[in-house]
Amino acid sequence: LLNLRADPRARILLPGRELEVDAVELTHAERDQHWPDLLRTIPQMRTYVRRTTRDIPVVRLVVR
């Protein structure tokens, strides 16, 4: 996350394609809104949340 905060431009590789994206860190309200979807997609996050006291940032990747 620190790298994306320093420079939000990134490139992601998907099967058969490469995309240029900008990383946008979600606000607390946005993160709370999307958190249930994230838990459905990555159920292991429940365990991670129980094991840490820190705030877990969430980043949206926006295709350029």
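Visitor: What makes strand 1 and strand 2 a hairpin, and which residue in the turn has a positive phi?
Guide: The two strands form a hairpin with 2 residues between them, and G16 in the turn has a positive phi of about 80°. Bear in mind that this is a predicted model.

Visitor: How do you know that strand 1 (residues 9-14) and strand 2 (residues 17-25) pair?
Guide: Pairing asks for at least two bridges. These strands have 6 bridges, in the antiparallel sense, so they count as paired. L14 stands opposite R17 in strand 2.

Visitor: And what joins strand 2 to strand 3 (residues 59-63)?
Guide: There are 5 bridges between them, and the strands run antiparallel. With at least two bridges required, strand 2 and strand 3 therefore pair as well. Here A23 stands opposite L61 in strand 3.

Visitor: Why is L1 called partly exposed?
Guide: Its relative accessibility is 38%. Buried would need under 20% and exposed over 50%, so L1 falls in between and counts as partly exposed. L1 lies in the segment before helix 1 (2-6). Leaving out residues up to four places away in sequence, L1 touches E25, P57 and V59, that is, heavy atoms come within 4.5 Å.

Visitor: Which residues make up the largest nonpolar core?
Guide: That core has 6 residues: L26, W35, L39, M45, I56 and V58. They belong to it because each is buried, under 20% relative accessible area, and they are joined through side-chain atoms within 4.5 Å. M45 touches W35, L38, L39 and I56, again not counting residues up to four places away in sequence.

Conventions:
Residues are numbered from 1 along each chain as its sequence is written. This is a predicted model: local features need pLDDT of at least 70, side-chain atom pairs count only at pLDDT 80 or more; totals for chains, interfaces and linings use all residues. Side-chain values use heavy atoms; hydrogens and water are left out. Helices (H or I, at least four residues) and strands (E, at least two) are DSSP runs, numbered from the N terminus. Buried means under 20% relative accessible area, exposed over 50%, partly exposed in between (1.4 Å probe, protein chains only).
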